[in-house]
Amino acid sequence: MRENARVTSSYKGDYQELVDEISELLGAPATLENRNFELIAFGAYDSEGDLDPSALDPVRTRSILTRRSTAAVRHWFEGFGITRATGPVRIPRTPEAGVYRGRICLPVRHRGVVLGYVWLLDYDPGPTDRQLAAAMLVTGRIGALLADEAQHGADLTRELRAVLTAEPGWPRDMAAAELRTALGARADGPHTVVCVAPWPSADPDDAPSVRTLPGARALCVVPWGGGTSPAFKALGETGQSLVLLVGLRSTDTLTPAVSAATRLLERAGASGAGGAGRAGAGAKGASAQDGTTGRDGGPGRSTAGGGGVAAGIAAARTGLDELGTAWAEASAAARAALAEPRLGPVARWAAIGPYRLLTGLPPEAAHDPALRGLLSPAHRELARTAEVYLDCAGQAGRTAAELGIHRQTLYYRLSRVEQLTGLDLDDGEDRLLLHMALKAARL
């Protein structure tokens, strides 16, 4: 398995060499993308007759800069039959689609299955049939490499999933040992775990490739709320989540994890999961602790990412001994971001405040008898008022200003809250109970 890890780590350089070889054969820059249109390598052919960079169209520019294309672009190109082609496909320029230059697509296949595409801008007079035939031979080598990497990646996927779903004790220890062996020396370095939930598909083929995510070591899709481990039981949700193991340069910075989480949110949005599109859009400019500052209409209604999807990032660690704990932290941070819009769409475990405790409580903790009446739909505004008042440390002036109401209106609402709950807002323990229950209700 150590040998597999060493082989996997060398793939990126191999792809670059093969793409450069095609660029030399055809006398033009070439790009390699996987079948999901995610950029793998770019061969910048350099010669006196090279193409003018200013001639690049928006579609190609975005592909190179963001390392992926939109779902609309993918659908448009696939309409030319590239998924079924066994030889070069010429695609005409279509300015209205943002394609200002014609394309030549070389499908990358292995044993009859398309695994990716090599692209180059068409030019005059263009490559000869002999040049294209030689380039297609190189795509066959790329296809074999992609197939080999997919096999190794599937192994890491199974091993990561086994760690996350195994019972504590020797079953999890055995699964972690297999993952550690597969990762080799990388297993001993700093890392963190990212959880994106809910993920729109349980199909492994719909998950992104590890190589397209910064610092990624392994990823898998697991049930969101399934399994028997405490981490899963704490989720209290249904559906799927995507889990990513990310390598870091040091435990002091989570930048690679934030970048990977943002890209995954965009991917989930492009897949059309609920309101995920808005979450992905919001993530583009988000840091690990940034987000919106507004509050929604009260506890019990998630608005993070438009109610669609959020990402959580665990604290950084060295080695894999606490991988189960890191997964629980990432899951909790994702739940908190879904519950509290200002925390998301990308939330760090260290930045979710009281939700670090609340996400560890059983679901019934959100159903304290004292709050049964307050949390009914008829009293949503009263619940919101109480939460903002407690968030503002009981300062009436700040609360009234944030809610945009008169102080007398605030005092009236707070008295109604006391009547409905039987709690005394002048009592510290009663205020603590109310505050925790309101936050727990968001989860």
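View 1. A salt bridge here is a side-chain nitrogen of Lys or Arg within 4 Å of a carboxyl oxygen of Asp or Glu. The two residues come from distant parts of the chain, 52 residues apart: Lys439 lies in helix α15 (residues 428–442) and Glu387 in helix α12. Helices (H or I, at least four residues) and strands (E, at least two) are DSSP runs, numbered from the N terminus. Both Lys439 and Glu387 are buried. Buried means under 20% relative accessible area, exposed over 50%, and partly exposed in between (1.4 Å probe, protein chains only). Through shared partners, salt bridges join Lys439 and Glu387 with Glu340, Arg342, Asp391 and Arg442 in one network. The model is predicted: local features need pLDDT of at least 70, side-chain atom pairs count only at pLDDT 80 or more, and totals for chains, interfaces and linings use all residues. Residues are numbered from 1 along each chain as its sequence is written, and side-chain values use heavy atoms, with hydrogens and water left out.

**View 2. Within helix α12 (residues 380–391), Arg384 and Glu381 are three residues apart, about one helical turn.** Their side chains meet in a salt bridge with an N to O distance of 3.2 Å. Glu381 has a relative accessible area of 38% and is therefore partly exposed.

**View 3. A salt bridge joins the side chains of Arg141 and Glu21, at 3.1 Å from N to O.** This pair also links distant parts of the chain, with Arg141 in helix α5 (residues 129–165) and Glu21 in helix α2 (residues 11–26), 120 residues apart. Arg141 is partly exposed because its relative accessibility is 44%. Glu21, at 29%, is partly exposed as well. Across the whole structure, a search finds 15 salt bridges.

**View 4. Leu361, Leu432 and Met436 make up a nonpolar patch on the surface.** Together they have about 250 Å² of accessible area. Patches consist of residues with over 30% relative accessible area and no salt bridge; like charges are joined within 9 Å, and nonpolar side chains (Val, Leu, Ile, Met, Phe, Trp, Tyr) within 5 Å. Accessible areas come from the Shrake-Rupley method with a 1.4 Å probe, and for residues only the protein chains shown count as cover. Leu432 belongs to helix α15 and, at 52% relative accessibility, counts as exposed.

**View 5. Gly397 is part of helix α13 (residues 396–403).** With a relative accessibility of 27%, Gly397 is partly exposed. Its C-alpha atom is separated by 9.4 Å from that of Leu410, 13 residues apart along the chain.
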